[in-house]
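Please examine the sequence and the structure shown below.

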Amino acid sequence: LADLSQRGIHPILVVDEAHLLSHRLLHELRYWLNANMDAATPFTLILLGQLDLRSLLQLKGFEALDQRIQVRFHIQPFDLAQSAAYIKHHLRVVGAERCPFSDSFIHAAQQFSHGIPRQLNRVCLNGLLIGFAERKPILDETDARRAILELDRSS
C-alpha cells in the first residue's frame with residue numbers, strides 16, 4: 001500500500017458477497033483501514049452483500065468499521081413494472097429480438113421472486129430451458145409455475 005501511495009495510486013478493494021465474510025476478516029479490514037490514523041485512508045473499501053451485511057456491521061465489535069462507511073446504497077426489490085423492464089433489458093443485452101415471456105409469466109416470476117433480481121434470473125432461466133426443450137416461442141404463467149416448481153425441487 002505504501003508503494004502504491006508513493007506512486008500516486010489509490011487502490012480500491014471490492015468485496016462481493018461481503019455478508020459471508022468471517023468476523024476475523026472484517027476485523028482485519030478494519031485494521032487495514034486504520035493503518036495510518038493520521039494520514040489518508042490507504043485504500044477505498046467497497047462492500048457488496050445481502051441484507052445480512054447491514055446486520056453484521058451493527059454487531060458489537062464492528063462499530064468502528066460501520067462508522068467508516070461513507071456511502072450506503074440498498075437496492076430495493078423491484079415492483080412488477082421494474083421486474084418486466086429488468087427482464088426485457090437482459091434479453092436485449094444478449095441480443096434477443098423479442099421477449100419470450102408473456103405478461104402472465106413475468107407476473108408469476110415477480111410474485112415468486114418478490115422482485116429480487118437474482119430470483120427473477122433463476123425463474124427466467126428455468127423458463128427458457130422449458131421453452132427450448134418444448135420449442136415454445138412464448139412462455140406463459142403455466143410455464144412460470146413449472147419453472148418455479150423446479151426451483152423449489154432443487155432447493
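Is Arg72 buried, partly exposed or exposed? Arg72 is partly exposed, with a relative accessible area of 44%; here buried means under 20% relative accessible area, exposed over 50% and partly exposed in between, with a 1.4 Å probe and protein chains only. The model is predicted, so local features need pLDDT of at least 70 and side-chain atom pairs pLDDT 80 or more, while totals for chains, interfaces and linings use all residues. Residues are numbered from 1 along each chain as its sequence is written, and side-chain values use heavy atoms, without hydrogens and water.

**Salt bridges**

A salt bridge is a side-chain nitrogen of Lys or Arg within 4 Å of a carboxyl oxygen of Asp or Glu.

| Pair | N to O distance |
|---|---|
| Arg72 and Asp66 | 2.9 Å |
| Arg146 and Glu134 | 2.4 Å |
| Arg145 and Glu141 | 3.3 Å |

Asp66, the partner of Arg72, is buried at 17% relative accessible area. Arg145 and Glu141 are four residues apart in helix H8, about one helical turn; helices are DSSP runs of H or I with at least four residues, numbered from the N terminus.

**Helices H7 and H8**

The axes of H7 (residues 117–134) and H8 (residues 141–154) come within 8 Å and cross at roughly 115 degrees; axes are lines fitted to C-alpha atoms over the stretch in contact, and angles run from 0 to 180 degrees between N-to-C directions. The contact (heavy atoms within 4.5 Å) includes Glu134 of H7 and Arg146 of H8.

Key: Helices (H or I, at least four residues) and strands (E, at least two) are DSSP runs, numbered from the N terminus.
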